[in-house]
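Here are a few notes from my pass through this one. Have the viewer open as you read.

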Amino acid sequence: MASNHTEHFSLNQWQADDQVLRTDFNEDNAKIDSALKDLAAAQAEKADQTALDALAAEVAKKATTAALEALSKKLASMPCLVTGTYTGDGAESRLISLGFQPKALLVMREEGYSARPYTDDYYGGLALPGKPVCLQTSYGTNYILTIESKGFRVYYNRDRYILSNQKDTNYYYLAWK
């Protein structure tokens, strides 16, 4: 029988004068077998947890991707405001290209008005698709501002007070995409 034992598993350690017994070896082997079994189970559990963590990360990544795609689609369908300026060139009709048809459009002179106070001068206004800014007169319809498939059109006719493209005049616009 061993007179000493190891610190962690209490395995037998014999001194020179100890009697060696087969049962001591059997007990030690049973302890080693049990410890190896526990170690293998812990490694399997750790491997299962690692696989589960990887799967959870992949699911979270796919959920995040799906959420971002849904948000991107929602944002793409929401109106967005495009702002800009142009300087009139005095042409009777001129297309201001935006690359899209505005859902709504507001044009004003740089001073902040679309019609000059106390005059009949018209510089812009609020236009919608199919609803241009225009004057109905005995001469017919005089367009001031119209929305087109790729932008908007401005006009100039000094005799009719249509000044949305007056030469060397600065204009600001808000276009809803």
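1. Let's start with one pair of residues. Leu-105 has Ala-127, in strand S6, as its bridge partner. Keep in mind that this is a predicted model. The strands behind that bridge are S5, covering residues 104–109, and S6, and they pair in the antiparallel sense over three bridges.

2. Now for the sheet around them. It is an open sheet of four strands, ordered S3-S11-S5-S6, and the pairing is antiparallel. Strand S3 (81–87) and strand S6 (125–127) are at the edges; each has a single partner strand, so one side of each has no neighbour in the sheet. From one strand to the next, the twist averages 20 degrees.

3. Next, have a look at Asn-165, in the loop that runs between strand S10 (162–163) and strand S11 (170–176). Buried or exposed? Its relative accessibility is 0%, so Asn-165 counts as buried, the cut-off being under 20%. Leaving aside residues up to four places away in sequence, Asn-165 touches Tyr-86, Gly-88, Asp-89, Gly-90, Ala-91, Arg-94, Val-154, Tyr-155, Tyr-156 and Tyr-171.

4. Asp-168 is also worth a click; it sits in the loop between S10 and S11. Asp-168 is not a glycine, yet it has a positive phi of about 60 degrees. With 60% relative accessibility, Asp-168 counts as exposed.

5. Last one: Tyr-161, in the loop between strand S9 (151–157) and S10. Here phi is positive, about 70 degrees, although Tyr-161 is not a glycine. Its relative accessible area is 37%, so Tyr-161 is partly exposed.

Methods
Residues are numbered from 1 along each chain as its sequence is written. This is a predicted model: local features need pLDDT of at least 70, side-chain atom pairs count only at pLDDT 80 or more; totals for chains, interfaces and linings use all residues. Side-chain values use heavy atoms; hydrogens and water are left out. Two strands pair if DSSP finds at least two bridges between them. Helices (H or I, at least four residues) and strands (E, at least two) are DSSP runs, numbered from the N terminus. Axes are lines fitted to C-alpha atoms, for helices over the stretch in contact, and angles run from 0 to 180 degrees between N-to-C directions. Buried means under 20% relative accessible area, exposed over 50%, partly exposed in between (1.4 Å probe, protein chains only). Contact means heavy atoms within 4.5 Å.
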